[in-house]
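I would like to take you slowly through one protein chain, so please keep the picture in view while I talk.

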Amino acid sequence: MKEHKRIGTFFGGFATALALSACLTTALAASGKVSYNFANVALDGTQKITAGQDITAANGQKVPGSILYTDEAGGKTNYLPIRTISELLGVEIGYDSATKTVLLGKQPAQPSNGGGDVIDLRTPATVPENPRRGDVDLIKSQGGTILPDDDPASYSGNDKLFKDKNGELRAEWTVGNKDALQESDKKAMGKSLVDGDYPKNSKGESYGSLLLADYVGYMPDLQYIAAYPPEDRPEGYIREAELHKAGTALRGLSKEECPHWYSIPLYNSEGNVIGEYKVGCEGHYDTEGLTPEEAREVIMRGPTW
């Protein structure tokens, strides 16, 4: 069973992305051994994450509260959103983009390369004294909205946030800043952006890679999807709204009612349909009438289709 789970912006979903990445790899998803929202999480006897329910990321998007991966030998590995867990336990968390290192506990006084690559992922209690800001005029030109400077909720760690034209929170300093990109993304930028922005088709729709959304300052209308030879699927583009709508329609359906698979249109850069993008449901758990202990065992065995 192939399952595709996506997240929004870097700052809205980075902690979950540590477990998910921007999209589960095809090899892992095709194994049919990944399931979501399988477990409750409690701290000192108080439930903080509820099985069967998503959690809300900082940008307002719904993302998995837990992930269960079952390997070929039947071993189970549990993944939880690291940002949520760090906040529950009161542990500082950061990310050093230069070395691609997640930082837990006491944060280094100086980034590994002497620059500004260490990202504090916490929401500060007060407004930072020297926040990292970006090009306000550029952000506005891309349809972004500048947030109040005196509101702690306008910051992620030491980074000032803004709301892009789609309503998602992003860091100001990443917009138009090549230093915010990984080397692989810098190469992609040169091939897929025009003057630092996504190209537009004849209908005025933007198209390109989600990996460049923080640099550009918004998510493209048509999101690039690589070719997938096992399904004879060519490279193309999908629409986020269609993916979300189709997936949401399956939630709450019983195993008997659910079709388990759904497809959304695959487009070319002009927005013309060229095929289908096939996606699997999140699976089902048969727990009705079971005791909590029995239900837990069912959940740990993974979903059924």
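This is a predicted model: local features need pLDDT of at least 70, side-chain atom pairs count only at pLDDT 80 or more; totals for chains, interfaces and linings use all residues.

Which elements have the lowest and the highest mean pLDDT? Helix H1, covering residues 10–20, has the lowest, at 35, whereas H4 has the highest, at 97. Over residues 1–32 the pLDDT stays under 50, and for this stretch the model has 101 contacts beyond four places in sequence. The pLDDT is also below 50 over residues 111–116, a stretch that has 10 contacts in the model beyond near neighbours in sequence.

Let us turn to the pair of strands. Strand S18, residues 261–267, and strand S19, residues 273–280, run antiparallel and are joined by 7 bridges. If you follow the pairing across, you will find tyrosine 262 opposite valine 279 in S19, and you will find that leucine 266 has glycine 275 in S19 as its bridge partner. The hairpin of these strands has 5 residues between them, and there glycine 271 takes a positive phi near 85 degrees.

Now to the salt bridges, of which the count comes to 10. One of them joins aspartate 159 to arginine 132, with the closest N and O atoms 2.7 Å apart. This pair links distant parts of the chain, since aspartate 159 belongs to strand S13, residues 159–163, while arginine 132 sits in the loop between strand S10 and helix H4, 27 residues apart. Are these two residues buried or exposed? Both aspartate 159 and arginine 132 are buried.

A further salt bridge is formed by the side chains of arginine 133 and aspartate 149, at 3.1 Å from N to O. Arginine 133 lies in the loop between S10 and H4, and aspartate 149 in the loop between strand S11 and strand S12, so this pair ties together parts that are 16 residues apart in sequence. Arginine 133 counts as partly exposed because its relative accessibility is 40%, and aspartate 149 counts as partly exposed because its value is 42%. These two also take part in a network of salt bridges that links Arg133, Asp149, Lys160 and Glu172.

The side chains of aspartate 214 and arginine 170 meet in a salt bridge as well, at 2.8 Å from N to O. Here aspartate 214 is in helix H6, residues 213–216, and arginine 170 is in strand S14, residues 169–171, so that the pair links distant parts of the chain, 44 residues apart. Aspartate 214 is buried, and arginine 170 is buried too.

Finally, the backbone angles. As background, most residues other than glycine have a negative phi. Aspartate 232, however, has a positive phi near 55 degrees, and its place is in the loop between strand S16 and strand S17. With a relative accessibility of 72%, aspartate 232 counts as exposed. Histidine 260 is not a glycine either, yet its phi is positive, at about 70 degrees. You can find histidine 260 in the loop between helix H7 and S18. Why does histidine 260 count as buried? Its relative accessible area is 13%, and buried means under 20%.

Key
Residues are numbered from 1 along each chain as its sequence is written. Side-chain values use heavy atoms; hydrogens and water are left out. Two strands pair if DSSP finds at least two bridges between them. Helices (H or I, at least four residues) and strands (E, at least two) are DSSP runs, numbered from the N terminus. A salt bridge is a side-chain nitrogen of Lys or Arg within 4 Å of a carboxyl oxygen of Asp or Glu. Buried means under 20% relative accessible area, exposed over 50%, partly exposed in between (1.4 Å probe, protein chains only). pLDDT is the predictor's confidence in each residue, from 0 to 100. Contact means heavy atoms within 4.5 Å.
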